[in-house]
Amino acid sequence: MARTKTKIPVTLHKTYNNLGHSKMLLTGQYPSGGWRKHTPFSKLMEQEHTHWESWTERTPAPCEIVLDYDRLYCCYCHKIIEEPTCPRCSRIHDYLEYRKGIRDFAMMQIRKLKKNGYSYRAWFTGSKGYHVHLLFPRLALYPFFERGRKKQEFIKRFHGELNKYSERVMITREGAVHRKTGARKQLVDEVPGTNSIHRL
Ligand SMILES: [Zn+2]
């Protein structure tokens, strides 16, 4: 499903600003290769002619937990690998098998979320991995460090990439075209709604 220029801010605004989030920063690359200055989402909303397609990355929201899956366990030595060649046992995984392994691992975690009654949106990132976004509106009310700790615990429980607990990392924006592959970040599964803080 193609996302129009007007749909992007509406989707982001409905999802995040309505949950009291005003701190999301966006950035993106200039055609020349340089990066745009990290700019608050609210500021881009105010501007009349924001070219939304060019703002392809965003920070995670305080009310949000991002589960990032773009790795898998080596089927020979069980080390986590981030490329087809295993750094521990040096075995080379067939590229399609490697991609399938990442997908299977993400889908396994997504099924676990669904079985446990969580609401989420699962996205193919446009690169090789998957992002699962979960909203916990009350999480935004927690102090910064406690919030980070709660996010880390949840991410560990579902085996996502730990650095995504940070609200300073950049992730591909929903509906954005991935700068390396040209593929769009698109929704693959969804259980609509938000989650109770008691589920953390
Ligand atoms: Zn290995």
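This is a short tour of a predicted model, from the whole chain down to single residues. Local features need pLDDT of at least 70 and side-chain atom pairs count only at pLDDT 80 or more, while totals for chains, interfaces and linings use all residues. Numbering starts from 1 along each chain as its sequence is written.

**Whole chain.** Select the protein chain and colour by secondary structure. There are 4 helices and 10 strands (DSSP runs: H or I of at least four residues for helices, E of at least two for strands, numbered from the N terminus). The order is α-β-β-α-β-β-β-β-α-β-β-α-β-β. The C-alpha atoms fill a box of roughly 55 × 45 × 30 Å along the principal axes. Of the 200 residues, 27% count as buried (20 or more other C-beta atoms within 10 Å; exposed is 12 or fewer, partly exposed in between; C-beta atoms are placed from the backbone).

**Core.** Next, select Ile65, Ala122, Tyr130, Val132, Leu134 and Phe136. They have the most contacts inside the largest nonpolar core, which has 26 residues (buried Ala, Val, Leu, Ile, Met, Phe, Trp, Tyr and Cys joined through C-beta atoms within 7 Å). Strands S4 (64-69), S7 (120-124) and S8 (130-135) and helix H3 (95-115) each give two or more residues to this core.

**Phe136.** Zoom in here. Leaving aside neighbours within four places in sequence, Phe136 is in contact with Cys63, Ile65, Thr194, Asn195, Ile197 and Leu200 (C-beta atoms, placed from the backbone, within 7 Å).

**After H3.** Move to Gly117, which follows H3 and has a positive phi, near 80°.

**Ile8.** Finish in helix H1 (residues 7-15), where Ile8 lies. Why is Ile8 partly exposed? Because it has 19 C-beta neighbours inside 10 Å.

Conventions
Two residues are in contact if their C-beta atoms, placed from the backbone, lie within 7 Å.
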